[in-house]
Amino acid sequence: MIDYAALTTQDFFSHADLVALLGATDPKDIALIQKTAERVLLENCGNAVYYRGLVEASNACSSDCFYCGIRKSFREVNRFTLSADQIVECAVLCSKSSYGSMVIQSGERGDKAFITMLEESLRRIKEETRTKEQPDGLGVTLCIGQQTREIYQRLYDAGAHRYLLRIETTNPRLFAAIHPPEQTFESRLECLSDLRDIGYQVGTGVMIGLPGQTLDDLARDIQFFEDHDIDMIGMGPYIPHEGTPLGSHACPPVEERVRLGLLMIAATRLKLRDVNIASTTALQALDPIGREKGLQFGANVIMPQVTPQEVRKDYQLYPGKPCLDENAQACRSCLELRIHSVDRVVGYNQWGDSVHARKRQSSETGARE
Ligand code: 5AD
């Protein structure tokens with residue numbers, strides 16, 4: 001029997017402790033873990049939830065990940081690419097809605113036309129979203145997969161300051177089982193290291209409940225976040241997509257994947273304390289109040305949809321994506337209610353960088369002086 005009352009009073013968590021946290025199934029133990037994670041969040045990061053207006057810029061993709069609904073060889077997808085004008089328009093909408101930041105996400109594509117278009121969009125966003133409340137304009141996070149170092153640098157120079165690249169799983173064997181051979185674990189690590197060198201705040205994350213994934217794997221994922229000094233985490237339950245090669249493989253039932261998704265947030269909060277953790281859409285896709293639960297288990301970032309409504313349905317990494325036909329204004333007020341319902345406030349008009357990143361940056365500046 002694991003003594004969860006004792007475990008949740010610790011402030012150091014070993015690998016075995018993390019496995020124990022992730023393995024909780026009794027509702028009483030889970031409630032204890034949740035309360036502790038929430039307290040650690042409030043103590044280290046405060047009670048603000050930061051918004052990242054989500055723009056899905058293109059669903060064209062040059063990769064063929066075995067789990068993803070926009071993989072290159074899936075023919076039933078209507079491919080689209082937004083123009084720079086459309087992306088800037090979304091950014092202005094974020095700014096007018098007082099969202100402090102946005103995320104630009106897309107399939108993995110490094111072609112010249114797309115990168116140049118993004119570069120132009122970023123420069124314009126930084127110009128056109130300067131307001132009295134936000135003199136530096138919107139904060140921008142990019143989430144456009146593996147790219148060359150040169151491309152990462154260009155996009156950083158154009159104004160992006162955070163980058164999220166999920167490692168998907170830190171078990172190299174599992175990584176190889178869910179990706180085609182041309183995509184390697186090592187190259188993803190190299191990308192994460194390039195992003196850090198360039199000066200981005202770096203985010204990563206994993207899918208939870210993949211076929212064959214163990215609690216040991218997930219505990220090691222959390223250790224990986226710490227070892228790589230990660231600033232922000234985006235992770236969520238794996239959701240099988242019928243049209244993909246992995247879609248037919250058995251994975252844990254929905255309740256288990258939701259529970260594990262929430263426990264991963266809590267365990268990561270307990271171990272890392274001051275990073276930003278997103279309560280992801282995948283949680284909500286499996287549970288109507290999954291995102292609120294994510295906040296209660298220690299997450300502090302949410303991504304309201306701002307992608308133009310007419311293309312949202314074409315950006316489905318997995319089935320059951322919520323908010324497909326809400327307009328951006330409806331999304332904003334619905335989310336605010338949801339956030340207040342769990343006694344938190346919205347950090348409007350702020351970039352909402354993680355405390356972890358701010359501490360690292362100030363120690364780097366200190367060291368240079
Ligand atoms: N289920 C859950 N998450 C998925 N992603 C892609 N496909 C799925 C799926 N079927 C996640 C991956 C990717 C991110 C953009 O979306 O982790 O990095």
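**Aromatic pairs and cysteines**

Y51 is buried, and Y99 is buried too. Buried means under 20% relative accessible area, exposed means over 50%, and partly exposed is in between, with a 1.4 Å probe and protein chains only.

A word on the source. This is a predicted model: local features need pLDDT of at least 70, side-chain atom pairs count only at pLDDT 80 or more, and totals for chains, interfaces and linings use all residues. Residues are numbered from 1 along each chain as its sequence is written, and side-chain values use heavy atoms, with hydrogens and water left out.

Back to the rings. How many aromatic pairs does the structure hold? The count is 6. Rings of Phe, Tyr and Trp (its six-membered ring) pair if their centres lie within 6.5 Å; planes under 30 degrees apart count as stacked, over 60 as edge-to-face, and the rest as tilted.

Take Y51 and Y99. Their ring centres are 5.0 Å apart and their planes stand at 90°, so this pair is edge-to-face. The pair links distant parts of the chain, 48 residues apart. Y51 sits in strand β1 (residues 48-58), and Y99 in the loop between α4 (84-96) and β2 (101-106). Helices (H or I, at least four residues) and strands (E, at least two) are DSSP runs, numbered from the N terminus.

Next, Y156 and Y200. Their centres are 5.0 Å apart with planes at 65°, so they are edge-to-face. Y156 is in helix α6 (residues 149-157), and Y200 is in the loop between α8 (185-198) and β5 (201-204), so the pair ties together parts 44 residues apart in sequence. Which partner is buried? Y200 is, with a relative accessible area of 1%. Y156 has 27% relative accessibility, so Y156 counts as partly exposed. Both belong to a cluster: ring pairs link Y152, Y156, Y163 and Y200.

Now the cysteines. A search of the whole structure finds 0 disulfides. The criterion is a pair of cysteine sulfur atoms within 2.5 Å. For C94, the nearest cysteine sulfur is that of C90, 7.0 Å away. C94 is buried, at 0% relative accessible area. For C251, the nearest cysteine sulfur is that of C68, 16 Å away. C251 has 22% relative accessibility, so C251 counts as partly exposed.

Last stop, L337. It lies in helix α14 (residues 328-341). Buried or exposed? L337 is exposed, with a relative accessible area of 63%.
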